[in-house]
Amino acid sequence: TPLKIQAWLNKYQQKFYRAEFFPQPKNLGVTANTQFLLKNTRGTYVRLLEGDDILVDNSIRRQLEFIQNSPEEIQFLFSDLLIFSDDLNNAVYTSCYKKEFVNADVNRQYEMLLYAQRANGPSVFFHRETILACGGYVGPRNCADWPTVLNLSKQGVKIHYINEGLIYYRRHKNNVSNRKKISWRRTNYEMKKFRNDFLLKETLAWRHRIYCIQDILKTKAKAGYPL
């Protein structure tokens with residue numbers, strides 16, 4: 001992989017304002033790798049892009065314009081997806097808009113995020129220093145999208161939404177997030193364990209706390225671990 005990346009950079013590096021490659025001596029996993037990149041980049045905002053996802057033309061420009069034209073201070077933003085398998089021409093527009101979540105204040109967003117991810121990970125665009133000040137990307141080794149958003153809302157960062165499809169997200173039967181696979185179920189358990197261990201507020205209402213306890217037991221059983 002490093003040889004392929006270096007060959008690609010040799011061919012296309014001049015097309016970028018700045019491009020850097022950070023080879024790692026060992027596989028860090030998604031969470032630690034993202035945290036490393038956040039600390040070593042210089043941009044005001046960060047747009048993550050995973051292996052087989054593709055940005056829509058001018059997507060970064062659109063997100064910046066949305067932030068600059070908003071009456072609110074936006075530190076974390078997500079968008080809709082264009083889901084494809086192998087052919088972009090057959091991509092399906094998928095709206096991620098949930099009125100109750102998008103219009104909620106940050107405290108209500110936090111409560112809703114305890115139950116499920118509401119801001120899809122592939123589309124996020126955020127203020128780098130804000131994320132670092134809140135601890136950066138957090139969670140299990142290979143899945144930090146949901147824990148990170150939950151952590152941000154816990155610390156008072158409101159999650160914002162732009163109703164445009166700004167990324168082509170590839171979904172196929174071999175996706176790591178295929179929920180039928182035991183590997184996904186175990187990752188799901190690790191995320192929820194992280195939620196319960198680190199992301200519950202001391203002031204959290206008991207109805208939410210009880211849900212999280214029941215939820216982790218169900219998730220653990222589905223993952224094949226002994227209770």
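Start with H5 and H7, which pass each other in a left-handed crossing. This is a predicted model, so take the values as computed from it. The axes of these two helices come within 8 Å, and they cross at roughly 150°. Angles over 145 degrees count as roughly antiparallel, and H5 and H7 are therefore roughly antiparallel to each other. On the H5 side the contact is made by Val106, Tyr110 and Leu113; on the H7 side, by Trp146, Val149, Leu150, Ser153 and Lys154. By class, the residues of this contact are 6 nonpolar, 1 polar and 1 charged.

Next, H7 with H8. Their axes come within 10 Å and cross at roughly 20°, which makes H7 roughly parallel to H8. This crossing is right-handed. From H7, Trp146, Pro147, Leu150 and Lys154 meet Met191, Lys192, Phe194, Arg195 and Phe198 of H8. Here the division is 6 nonpolar, no polar and 3 charged.

Now the core. Which residues touch the most other members of the largest nonpolar core? Among its 38 residues, they are Phe76, Phe78, Leu114, Phe126, Ile131, Tyr137 and Ile159. At least two core residues come from each of strand S3 (76-84), H4 (99-102), H5 (106-113), H7 (145-154), strand S6 (160-170) and H8 (182-198). A second, separate core has 6 residues, including Ile67, Phe125, Ile162 and Leu166.

Last, Phe78. Leaving aside residues up to four places away in sequence, Phe78 touches, among others, Cys96, Phe101, Arg118, Val124, Ile159 and Ile162.

Note on methods. Residues are numbered from 1 along each chain as its sequence is written. This is a predicted model: local features need pLDDT of at least 70, side-chain atom pairs count only at pLDDT 80 or more; totals for chains, interfaces and linings use all residues. Side-chain values use heavy atoms; hydrogens and water are left out. A nonpolar core is a set of buried Ala, Val, Leu, Ile, Met, Phe, Trp, Tyr and Cys residues joined through side-chain atoms within 4.5 Å. Buried means under 20% relative accessible area, exposed over 50%, partly exposed in between (1.4 Å probe, protein chains only). Helices (H or I, at least four residues) and strands (E, at least two) are DSSP runs, numbered from the N terminus. Contact means heavy atoms within 4.5 Å. Axes are lines fitted to C-alpha atoms, for helices over the stretch in contact, and angles run from 0 to 180 degrees between N-to-C directions. Angles under 35 degrees count as roughly parallel, over 145 as roughly antiparallel, 65 to 115 as roughly perpendicular and the rest as oblique. A crossing is left-handed if the near helix is turned anticlockwise from the far one by less than a right angle, and right-handed if clockwise. Ala, Val, Leu, Ile, Met, Phe, Trp, Tyr, Cys and Pro count as nonpolar, Asp, Glu, Lys and Arg as charged, and the others, Gly among them, as polar.
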